[in-house]
Amino acid sequence: MSKMRIVNKRIDDDLLMKKRREELDKWPTGKEVDFEEAAAFQKSLPDSKIWWKVMVKLREEGRMSVFPRAGTPVLEKMIELCQGLRESGVVLIPVTTDSYTRLGQFEKVQGILDECNKTGKALLNGYPIINQGVKQTRKLVESVDAAFSPRGISSEIAIASGLTTYECGLEFITWGAYSKKMTIQELVGRWQNGTRVAGWYADRGVILCTDLHGWLPGAPYPLSVNIVTLILQALTAAEQGQKALYPLVHMMGNMAQDMAWIRLTPRLIREYLDKFGYKDTMITGCCPAQTPLFPVALDMGGAFAYLSYAAMVGALSKSNATDLRSIDEAAGVPNKDTNAVSYRAANWIFDVVREQQIDFQIKDSEEEEKITEMEVRAIFDKIVDLGDGDIIDGTIKAVESGVLDSPWSPNITVKDKVLGVRDAHGACRYLDFGNLPFSKQIKEFHRDKIAEREKLEGKKADYHTAVRDLWSFSKGKIVGAPPYDK
């Protein structure tokens, strides 16, 4: 029996409404959501609380904001945490949910939340927005003059509460970096449903912003596959009626590459949106992101240095937001004080460097942009070909055939035939190409760059080289030293 072909087509509204109510019925607080009232409440919010308007204003004024992560379970403590972020100059406020909420274990959350409220202790690693519900979360939104974004879960409780993004851009990262058994077909279903919810609100004059993560690799690895998936997410969102989005560009630590990818990504997303007929979907900015899925420094000096590097790249690239992590996030749930010192440091760089409008040119950055663009176009063209013109059908077939692939994914449905290493200067290169549809020119470029490192080290790059590079950043190095760092 042949599989049903899934295509890039807008979801029927009757089916959408049924699925929305089914999702809200999973916990009693879902009854607090009235769709039309939620839309009306969104329309009543001031511009300073509307995410896409805040981002556009930052861009027009030549300013930027930290986009951090923060969440704690007790409402009063969460208000205090967010007020502390605002005092540190942050105008883009996260509402990061706890792990059990992300897994849909709401009964378990409620038992722990009751204990949190009794003791005042943070026994959950985030804010349980589903269990808190609309009435409580509106108190949070009303307590701080900033725009709010839910992190880790897509829920209309967040929209009804006054958060002004809808997190449907995380699906590829959830599937490729966190899930073990989710299929690409399941991913596409979630992806289309989520973006259609944002489109439903857009049809009623409420523009919710979506940040696109794409498929984040679990190791130092060129971002061409990630950028392709950012484009695919943008096109899918636009078909479902989404009107505002922006990409997160994940920094890998080589500044020439990081700057090239930050320039290239929004340019290509805009080009493909226009090419496919979605000229009314806006890109509200570009957000360099300090979110690699490989070990980073655990000591205080290294943690501050990495945060400062990310802030510097954001400032030099003239971005309007930078996705940063506090200095202690790897050790647990950040508190108000560590958030404040982390983001004051970042804002110092923003104010001193960003305001200078430095025209910064890095040797080799143009070459990196050119080669990545060739790679992105090669993969995207193959996806369109596999899908006979349809990007969703093509995406499914691309994953199944390894045309879309990434190293060390926990998902058992991923081919995992590719591998990346760093070259002598710390730039990410393809060591194994798998089934990526690259030309001889592209492959020779990467092999030549890796050969330079092999000559310096006197040994061939292999799997163990990739493992050393996985750990290099945590040791304050851009390249893993042979045989192993001590």
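Cysteine 209 counts as buried, because its relative accessibility is 0%; buried means under 20% relative accessible area, exposed over 50% and partly exposed in between, with a 1.4 Å probe and protein chains only. The model is predicted, so that local features need pLDDT of at least 70 and side-chain atom pairs count only at pLDDT 80 or more, while totals for chains, interfaces and linings use all residues. Residues are numbered from 1 along each chain as its sequence is written, and side-chain values use heavy atoms, with hydrogens and water left out.

Cysteine 116 is likewise buried, at 0% relative accessibility. Its sulfur lies 16 Å from the closest cysteine sulfur, that of cysteine 82, and is therefore too far for a bond. The structure holds 0 disulfides, a disulfide being a pair of cysteine sulfur atoms within 2.5 Å.

A nonpolar core is a set of buried Ala, Val, Leu, Ile, Met, Phe, Trp, Tyr and Cys residues joined through side-chain atoms within 4.5 Å.

| Core | Residues | Members |
|---|---|---|
| Largest | 120 residues | including Phe148, Trp175, Tyr201, Ile231 and Leu404 |
| Second, separate | 22 residues | including Val54, Met55, Phe67 and Ala202 |

Phenylalanine 148 touches (heavy atoms within 4.5 Å) Lys49, Trp51 and Cys82, among others, not counting residues up to four places away in sequence.

The lining of the second largest pocket comprises 19 residues, and Val54, Leu58, Arg63, Arg86 and Val91 lie nearest the pocket centre. Lining residues have an atom within 4 Å of a point on a 1 Å grid over the protein atoms alone, and a pocket is an open set of such points with protein on both sides within 12 Å along at least five of seven lines.

Methods: 1 Å grid on protein atoms, 1.4 Å probe; cavity = no way out; pocket = protein on both sides within 12 Å on 5 of 7 lines; lining within 4 Å.
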